[in-house]
Amino acid sequence: MTTNLIDIQNADVIMITSNMAENHPVGFQWVVRAKERGAKVIHVDPRFTRTSALADIHVPLRSGTNIAFFGGLMAYAMNNDKIHTEYVAHYTNASMLIDDGFGFDDGMFTGYDGDAKRYDRTTWRYQTNPDGSPKRDTTLRHPRTVYQLMKRHYSRYTPEMVERVCGIPKAKFLQVAELFCSTGGPKKTKTGTVVYALNLTQHTNGVQNIRALAMLQLLLGNIGLPGGGVVALRGHANVQGATDLAVLYQDLPGYMAMPLRDVHPDLATYLEKETPKGGYWINKPAFFISLLKAWYGDAATKANDFGYDFIPKREKADAYSQQHIFVDMYEGKIKGFFAIGQNPAVGNPNATLARAALAKLDWLVVKDIFHTETAEFWRAPGVDPKSINTEVFFFPAAPAAEKNGTLTNTMRLIQWHNMAVEPPGDVRSDLHFWYHLGKRIKALYASSTARRDQGIKALVWDYPEEGKHAEPSAAHVLREMNGYVWAPDWKDRVQLKSFGECKADGTTAAGCWIYTGVFPDEKTNRAASRQIDKSGKDYLQHGWGFAWPANRRIMYNRASADLDGKPWIESKALIQWDPDADNGPGAPKGKWVGRDVPDYGPTLAPRAPKNAAGPLKGVGGNDPFIMRPDGVAGLFAPLVDGPLPEHYEPVEAPTRNLLSKQQINPVAKIWQVADGRNEIAEVGSSKYPYVLTTYRLTEHHLSGVMSRQLPWLAEMFKSHFAEISEELAKEKGIRNGDLVEVSTPRGSIKLRAMVTKRLRPFTIDGKTVHQIGIPWHWGYVGIAKGDVTNDLVASVGDPNVYIQESKALLCNVEKAAQQGVA
Amino acid sequence: MAATMTQKVMYTDTTICTGCRACMVACKQWNQLPYEEPEWTGGYGNRSHFSDKAWRFVRFIEVDDPRPSHKGEVQWLMMSDVCKHCQQAGCLEACPTGAIHRTAWGTVDIDQGICNGCRDCVASCPFGVIAFNADTGRVNKCTFCSDRVPAGMPTACAKTCPTSSIRFGDKEPMLEMARARVKELKAQGFERANLYGDSDILGGLNAFYVLADSPSVYGLPERPELPQRNVNLDSALAIASSVVIGLAALVSFRDQGAGRQG
Amino acid sequence: MGVVTANIQDPHWGMYIVWYFFLGGIAGGAYFTAAIADYFGGPRERQMAKIGYYIAWPLTVICGILLILDLGTPSRFLNMLREFKWQSPMSVGAWGLAVFGAFATVSAVLAYFERGPMPVLSLSEADRLRYRRLVGLVGTLAGFFLASYTGVLLGSTAIPMWTESRLMGALFLASAASTGVASIALVAWLRGLDLGETWNRIHRFDRFAIVWEAVLLAALLVMLGGAAEPIVSGRYALLFWVGLVAIGLVAPFVLQLRTGHHSGRPTFALALPALLVLVGGFVLRYVVIMSGPYHG
Amino acid sequence: MQISRRGFLKFSGATTAGVAVGSLASLGVDLSPVVAYARDLRIKNAKVVPSVCPYCAVGCGQLVYVEKVDGEDRIINIEGDPDCPHTLGALCPKGSATIQLSINERRPTKCLYRAPGSDRWEEKPLDWMMDQVAERLKKTRDQYFIETEKGITVNRLDAVANLGSACCDNEECYIQSKLLRTLGIVYHEHQARV
């Protein structure tokens, strides 16, 4: 998230698109505080949820039509003088001119290659000046400006169209548009924030959904200001951290690309391709080589590309994601599998495929706090254990209270937790597992002279062991992530204080450059800091934990001030330029001061020309988005599926696309899986006529391992259920509490019907469309047991990140034989 | 310490309750209450009664939005129900042993060492709060965290409540807050918003509520009364009946022939 | 889903309590009937009074045992006597039972040692009779209390059917009188005692008690209105109309009228209405206790 | 109305429904007034350890209360940390139940092994398990490792996949990335998307 939960209280309008009250209840208190201060809350959700109950306006929207809705809002803002003109003109690329070759026609952007099902993106670029800089018209009038292109693009997203596509009555849409866009305008006086979670991401246009809402926020000038920003809510305790530390197929720690064979054959090419010409990422070589140094130490030398080849190279970009794993596993490509704190037998889309794939493994290692469906897949209902030859190793895992370490929360806040007690029996931390596995592997390869094994031998694996279980020191791992001046021994390693100290010459080691500063000297663990300011001056509480980067609590905060460095809104000041600030003898006066760590060159004056060199090369005095090569936010951004978000229907939809003849995202990923394990319902299917959306509940946690095994939580929601409108229930003769069978082309599940007036049918293009909702926490192990909702979900994905479409699919529901109702 | 304490209350603003049920779990956690088989309520609730193992539970109520401005829309009311710690407490009056007592900070608690399990309190609570515990043969209910409060800690439920729907504090300021909140809600169109538990109800509830709609919508009695109000009248009528029967017996058995002897 | 209903907890008062209410009523009723007859009646009534005392004393003991069984642990009954709470019928009742027990004991002892040598106290036979009748007269009040307080106790709960019924104590008293006298009649029949003219007095009194009970019951149902649903038309309706109204009130009344004047040794025709009255008294307690907490 | 013992004595002899009061003190009943009842704070001797809720990503500060029970440290209470600025001491139901992650009879505390075709788990020593996994990993790596493709060093192992976890600590994530990437593993994911 760009902002901070605490800061939500400063918003004047809050648009929640997730189910925040249910899934992030404690964070939701800041929405309640904002309401108490007079803020209005809009909740956009297909269902009326516990979030809707506390909202001023509930906007029911058919699942899978978010871009139509956001597009409609953008069109409303642009057509009704609601954009924050100066912000848009100077802080975004709205004023850039786009190549004349770029165009859009009936749902397709230029450059589509129908055979390869991909876009050639060469025309999706700026027109450039002779010096290579983009051509710009800050009046935004030039027809080739991004702004004018956007205006044309979204002119089709009229309130009437929004009503037809999303099922939101026009009057309600206009009410919402007027309310939310009241936070914009040339003379902006308010701020608004937008909250999202997997409601937007789990679609075949998931990334474009997020882009759309970010663009709306940019048009209204809401990014970087108190009470503004984008609130991204993550589901697990450490989704943010696991992503930062790149337990992800496409990344290395600190958001650096995992090398691709054909693009990055060697270090020089990697750095050349991956390092932009401007913006803060020009320092990537320092971060990347520091990473290699942290991993391979003295074995990482200039002569061997700092051990670049010790890291594998991906064969191609379209591979290795979670969904790829199970398709490939099912095809027999994968022999061994670790599921460490994850339960794909329940959590994976198309979970029947996932369980069938597990049966094809030679060996499976599961580590979790409780027994999981994944660990027990060989004796799942209907499975004959004798037929399964997979060896399974189950290791009991320790919860946070039984180990030291850090978790990075949804606002990038790194917080340390202490081991309160030793874990019981043979329970160990995952750190213990990986560390001791690494030690064993290193021992097994100790005598190898093969080239391919040299990385293992070089691997720096020197974390001190503590206590009776030889637990590796988490503090030392964190110190390595923070980085230090390279030395072979811990006693000689001097911690880096900021990532600015990272070097590209092999003298520094840093395991995750964005975390630098969390452990600035060997005695100071800022993640464990628990200082609070009670004076009210530091409302963002910089003394509590450490937020990456550089303990910054609100990102892009330079954008909270105008072109002269003064706050856009006096009451919403965050940082501002103090022209008289003394920077020491000989240095020019002036610096950024205020309530947060400036996300900017601390002495880079407003209106200063672009830096020609230095760590902020290419960034000038009015370029608040310093990670971008051009310093401005990208309204126009060439993703693999288009530079502007465009509405397409979900892969399974009850209606044709009303906005263009292109039914679905033309580059969406749809896996071909053997044995008919990924059948897709046709558009407007009569066999599967209802929209299905899946979601979570407050009282359970993801695949249920950490909730369905806990008596107090299992007791809260024991029976698996499907929420069904009264109208549909009447049509199908279903009563509240009946056992029903919900089916999709992938499978069917039985569960209880919860008939409720909180779900209502939509009117889509004049036709009634029913929608049902099913939470997905249940499985066959635990106190609370039930069928696996993800058995219904298809193996389809967003083309940028391969996230599945579990928020919008088609299903059928029928009353089942009333036996065994739990 | 306890003797000098001011009156403590819990003020629950149901209009900011998200029904997350953290209060239920926190109560179970602090008071170490075990699992109990839930019931299917047809909605998100997992029970519709208090029990010896559930001293708090959240009621989920789906209704038509009470605001005229939201006519035709659904509203989902949630309310975390608990012992009201009445100023005039039926359970306390009924208790023959003195196990149920008023604490120094004004709440009603049960001394498990004294309770003998007669269950008169169970029948005497107009809110159905007290429940019989078959394992101990005694009765249980919310203690108002009578171990935490004297130590200066808020009740476990109030402390954990994410939105501060449940607040713990001194009576007067809390009541002020609640009254102001009712005004606010009325201004927002909740015409039937009310403070449930001011001095008009059982002399004042020490766990009081701001409701968006009428009490009965939440399953609360509109005008609960102290059950023991009946004792005097019922006794008088019983005495009258005794007199009638006594006279009848006298007339029936009077020794008319011999007159009174000895 | 929709508007939820008010919830009142079930106190789980089961058969121990039903029997306690029933037997406590008999004890109280038998005692006060006996004591009044003893004091105001002639010598023939003294024999009947002795039966009443002999019934009251063991039943009191059984009542105590029932309460202890209901509480689970014997020592817990003593907790009832830690305090005396005027507004708590449970508290007053516990004390009342203890007090009644004292009277019943003294009366039973004095009845037993009516004639002949008496241990410990050396009272003359005449004194014994005088004290017995005086103790009985005062103890009558305790008998009235025991016979009726259980109804007052129900009325002071929050259970809708009970809390709306102002006449439960009065009704229980009437029922206690008729079951008390019926039990005396039954014991007399079992022992084949010739009570002579007293039989007619017993019948007169019993008929009156039945009528009075019926009047109170009718008044109660009117007062309860809809709250009486469980017993008049709901789950317990059959038991109520057949077990109580038909068998417990109408039948014994009619039978007694048909029996007419009687004296001398008892016959089964005398015992039958008594038996029916006892059935009715039990059904009354059972139906009232069970139906109160019953929801729809 | 609560009657004190003094008040009660005043009522002696009075009746409404016929109670005459004799002395029951002779029965050995303790009639002393109820003593003021105060329960002990069960955490008053506990050690307090700062922690972080392991459920969602709000990252609520927690306080873990630890007490020695039978000579061993045992968690006796977990509640929100009132100082935590973004949560102010609150926890949701999951956070409030955190103690049952540790204190839970359903919790396995031994390593389990399931042989091919078997219908049951077998308890195994931790060291044996670690050795077995290291051996399997090496064997699979040695058999399926790809050193070069199209003349480019790729050092890749396609035959082993890892699903790490957003439930793991940063340190755990970091060293698994470090180890597994070095072994050549490219199927390396966590549940950011599911």
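This is a predicted model: local features need pLDDT of at least 70, side-chain atom pairs count only at pLDDT 80 or more; totals for chains, interfaces and linings use all residues.
**Exercise 1.** Work out which pair of chains has the most contacts, and describe its interface.

*Solution.* Start with the chain pairs: 5 of them touch, and A with D has the most contacts. Next, look at who takes part: 164 residues of chain A are in contact with 115 residues of chain D. Then check the charged groups: 11 salt bridges turn up across the interface of chain A and chain D.

**Exercise 2.** Decide how α10(C) and α11(C) are oriented to each other, and say what kinds of residues make up their contact.

*Solution.* First find the helices in chain C: α10 covers residues 237–259 and α11 covers residues 268–291. Their axes come within 8 Å and cross at roughly 155 degrees. Angles over 145 count as roughly antiparallel, so that is how α10(C) and α11(C) lie to each other. As for handedness, α10(C) passes α11(C) in a left-handed crossing.

Now the residues. The α10(C) side includes L239(C), F240(C), L244(C) and I247(C), while the α11(C) side includes L272(C), L276(C), V283(C) and Y286(C). Sort the residues of this contact of α10(C) with α11(C) and you get 18 nonpolar, 5 polar and no charged.

Note on methods
Residues are numbered from 1 along each chain as its sequence is written. Chains are lettered from A and ligands numbered from 1 in the order in which they are written. Side-chain values use heavy atoms; hydrogens and water are left out. Axes are lines fitted to C-alpha atoms, for helices over the stretch in contact, and angles run from 0 to 180 degrees between N-to-C directions. Helices (H or I, at least four residues) and strands (E, at least two) are DSSP runs, numbered from the N terminus. Angles under 35 degrees count as roughly parallel, over 145 as roughly antiparallel, 65 to 115 as roughly perpendicular and the rest as oblique. A crossing is left-handed if the near helix is turned anticlockwise from the far one by less than a right angle, and right-handed if clockwise. Contact means heavy atoms within 4.5 Å. Ala, Val, Leu, Ile, Met, Phe, Trp, Tyr, Cys and Pro count as nonpolar, Asp, Glu, Lys and Arg as charged, and the others, Gly among them, as polar. A salt bridge is a side-chain nitrogen of Lys or Arg within 4 Å of a carboxyl oxygen of Asp or Glu.
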